[in-house]
Amino acid sequence: TEAIIAQKAPYPVDVSAGRKYFWCACGRSAKQPFCDGSHEGTGITPLAYTAEADRTLYFCGCKQTGKAPLCDGRHNAL
């Protein structure tokens, strides 16, 4: 199964150093950009990301990024 585009823009998220986040890679989660288990049966699994510092990061919303889980601007070509 292929990933669904959740939105054609990144999700800005204030992350906390040392905290682990599970990015939705399938696009089906109702808790974007994070996983809610909706990937079950798709063959796509979430990606764990541990924040290195307190800051704002931009998590990919289109699910096409080459720098998962963060946005690399590929949504601009969709």
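This is a predicted model: local features need pLDDT of at least 70, side-chain atom pairs count only at pLDDT 80 or more; totals for chains, interfaces and linings use all residues.
A polar atom of the Thr-42 side chain lies 3.0 Å from the backbone nitrogen of Ile-44. Is Thr-42 buried or exposed? Its relative accessibility is 11%, so Thr-42 counts as buried. Not counting residues up to four places away in sequence, Thr-42 touches Thr-1, Cys-26 and Arg-28.

Ser-29 is the next stop. This residue lies in the loop that runs between strand 2 (20-23) and strand 3 (47-50). Ser-29 counts as buried because its relative accessibility is 8%. Which backbone atom does the side chain of Ser-29 reach? The atom is the backbone nitrogen of Lys-31, at 2.9 Å. With residues up to four places away in sequence not counted, Ser-29 touches Cys-24, Phe-34, Cys-35, Asp-36 and Ser-38. Ile-4 is 25 residues from Ser-29 in sequence, and the C-alpha atoms of the two are 9.9 Å apart in space.

A search of the whole structure finds 1 cavity of 30 Å³ or more. The largest cavity holds about 40 Å³ of space. Which residues line the largest cavity? The lining consists of Cys-24, Ala-25, Cys-26, Ser-29, Cys-35, Asp-36, Gly-37, Ser-38, His-39, Thr-45 and Pro-46.

A disulfide is a covalent bond between the sulfur atoms of two cysteines. How many disulfides does the structure hold? The number is 0. Cys-26 shows why: the closest cysteine sulfur, in Cys-24, is 3.8 Å from the sulfur of Cys-26, which is too far for a bond, given that the two sulfur atoms would have to be within 2.5 Å. Cys-71 is in no disulfide either, and the nearest cysteine sulfur, that of Cys-60, is 6.0 Å away. As for burial, Cys-26 counts as buried because its relative accessibility is 3%, whereas Cys-71, at 23%, counts as partly exposed.

Charged side chains come next. Side chains of opposite charge can pair when their charged atoms come close. A search of the whole structure finds 1 salt bridge. The side chains of Asp-72 and Arg-74 meet in it, with 2.9 Å from N to O. Asp-72 has a relative accessibility of 30%, so it counts as partly exposed. Arg-74 counts as partly exposed too, because its relative accessibility is 44%.

The last features concern the backbone. Most residues other than glycine have a negative phi, and most peptide bonds are trans. Where does the backbone depart from this pattern? The peptide bond from Gln-32 to Pro-33 is cis, with omega near 5°, and Pro-33 lies in the loop between strand 2 and strand 3. A cis peptide bond also runs from Ala-68 to Pro-69, with omega near 10°. Pro-69 is found in the segment after strand 4 (55-59). Lys-63 lies in the segment after strand 4 as well. Its phi is near 70°, a positive value in a residue other than glycine. Lys-63 is buried, because its relative accessible area is 9%.

Methods. Residues are numbered from 1 along each chain as its sequence is written. Side-chain values use heavy atoms; hydrogens and water are left out. Helices (H or I, at least four residues) and strands (E, at least two) are DSSP runs, numbered from the N terminus. Buried means under 20% relative accessible area, exposed over 50%, partly exposed in between (1.4 Å probe, protein chains only). Contact means heavy atoms within 4.5 Å. A polar contact is a pair of N or O atoms within 3.5 Å; within protein, one must be able to donate a hydrogen and the other to accept it, and residues adjacent in sequence count only if both atoms are side-chain atoms. A salt bridge is a side-chain nitrogen of Lys or Arg within 4 Å of a carboxyl oxygen of Asp or Glu. On a 1 Å grid over the protein atoms alone, a cavity is a set of points where a 1.4 Å probe fits but cannot get out, and a pocket is an open set with protein on both sides within 12 Å along at least five of seven lines; lining residues have an atom within 4 Å of a point. Grid points are joined across faces, edges and corners, and a volume is the space filled by probe spheres set on the points.
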